[in-house]
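Hi,

Here is the structure I promised to pass on to you. Have a look at it first, and then read my notes below.

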Amino acid sequence: MSHSLNADLHCHSLVSDGTLAPEELAARAHANGVRLWALTDHDEIGGQHRAAAAAHALGMDYLTGTEISVTFIGTTVHIVGLGFDADDAQLARGLATTRGGRDQRARDIAEQLARAGIPGAYEGALCYAGNPALISRTHFARYLVDTGVCRDMGAVFRKYLTEGKPGFVPHYWADLRDAVRWIRDAGGVAVIAHPGRYRFTANEEYALFSEFRQLGGQAVEVVTGSHTSAEYRIYADMAQEFGLAASRGSDFHGPEESHTDLGTLPDLPAQLTPVWELLSDRILRAPKAPFAA
Ligand code: AMP
Ligand code: MN
Ligand code: MN
Ligand code: MN
């Protein structure tokens, strides 16, 4: 398996903040030519068995996945886990704890929005959540767009849901050390998700990469729907500097919202080690089609 494999190792279903079911995502990935797929719901692995079964029914190889919310030097960072045992008890407990704070956070967000003149946002957002244990800012954003408070999701985040804005509630997620450990102990590989999104200084970014590496993290997303092509080059260099493998994923959330569709990103730069080379033993291979009688 090579650099040119159409692998999409980052996307979201209704089990977190996507708008499609795992089976619908599998069909869409397959239709777009994806050969190796991973569903990476935020802080959740409840969709993994469905996703693997749907991938296999279509003849697509599958890697288990999740995207863990982490707090690193006061900033939220996302760590993707790939190729772990989906029935691992420590990982399940860690994710349950990580998502456990979301309901109270959502109530706090709603209370602040009410003070800013937008009542009923908790109940509103909850209606959009496919999984009540995983209420996210995305669900608030959909509610505020559909009720006409803002023109689009980007506007909701800019006006209400980011640091310094009236609906922003600081939250402490998992420790980097724990997230990497849960993934590794379950047999998987930890990946820094979309590093271009964190707005770190050069020193802070260096700290993230070196600490992540030291803790046993092994890969970084280079080609993602969250990066510009200039960032592909920046993080290809970072991957080489830190001896990390490279991952590729759209971060698709739904047809109406995501500008990057499943399976449509460019190949990884040739000099990098694709993360799926580290994971060849962990890939859940699609059963071969039986010979016609
Ligand atoms: P949460 O985990 O509840 O803090 O929500 C984070 C999610 O919000 C991310 O995974 C994205 O799906 C979404 N998000 C963050 N920033 C934006 C933005 N500017 N526009 C649209 N969605 C965003
Ligand atoms: Mn999301
Ligand atoms: Mn993310
Ligand atoms: Mn994501």
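This is a predicted model: local features need pLDDT of at least 70, side-chain atom pairs count only at pLDDT 80 or more; totals for chains, interfaces and linings use all residues.

Helices (H or I, at least four residues) and strands (E, at least two) are DSSP runs, numbered from the N terminus.

Residues are numbered from 1 along each chain as its sequence is written, chains are lettered from A and ligands numbered from 1 in the order in which they are written, and side-chain values use heavy atoms, with hydrogens and water left out.

**Helix α7**

Which residues of helix α7 (residues 153–161) are buried? They are Ala155, Val156, Tyr160 and Leu161. Looking down the axis of α7, these fall within an arc of 150° (taken from the directions from the helix axis to the C-beta atoms), so they line one face of the helix. They pack against α4 (102–115) and α6 (137–146), where contact means heavy atoms within 4.5 Å.

At the start of α7, a side-chain oxygen of aspartate 152 comes within 3.3 Å of the backbone nitrogen of glycine 154. Aspartate 152 also forms a salt bridge with arginine 151, meaning a side-chain nitrogen of Lys or Arg within 4 Å of a carboxyl oxygen of Asp or Glu. Arginine 151 is exposed, at 68% relative accessibility, and aspartate 152 is partly exposed, at 29%.

Another pairs aspartate 178 with arginine 181, with the closest N and O atoms 2.9 Å apart. Those two sit 3 residues apart in helix α8 (residues 176–185), which puts about one helical turn between them.

**The manganese site**

What holds the manganese ion (ligand 4)? Its protein donors (N, O and S atoms within 2.8 Å of the metal, or 3.2 Å for Na, K and Ca; water is not among the atoms, so sites may look incomplete) are His10 (NE2), His12 (NE2), Glu67 (OE) and Asp251 (OD), 2.1 to 2.3 Å away. Histidine 12 is buried at 0% relative accessible area, and aspartate 251 is buried at 9%. The manganese ion (ligand 2) lies 4.6 Å from ligand 4.

Cheers

Note on methods. Buried means under 20% relative accessible area, exposed over 50%, partly exposed in between (1.4 Å probe, protein chains only). A polar contact is a pair of N or O atoms within 3.5 Å; within protein, one must be able to donate a hydrogen and the other to accept it, and residues adjacent in sequence count only if both atoms are side-chain atoms.
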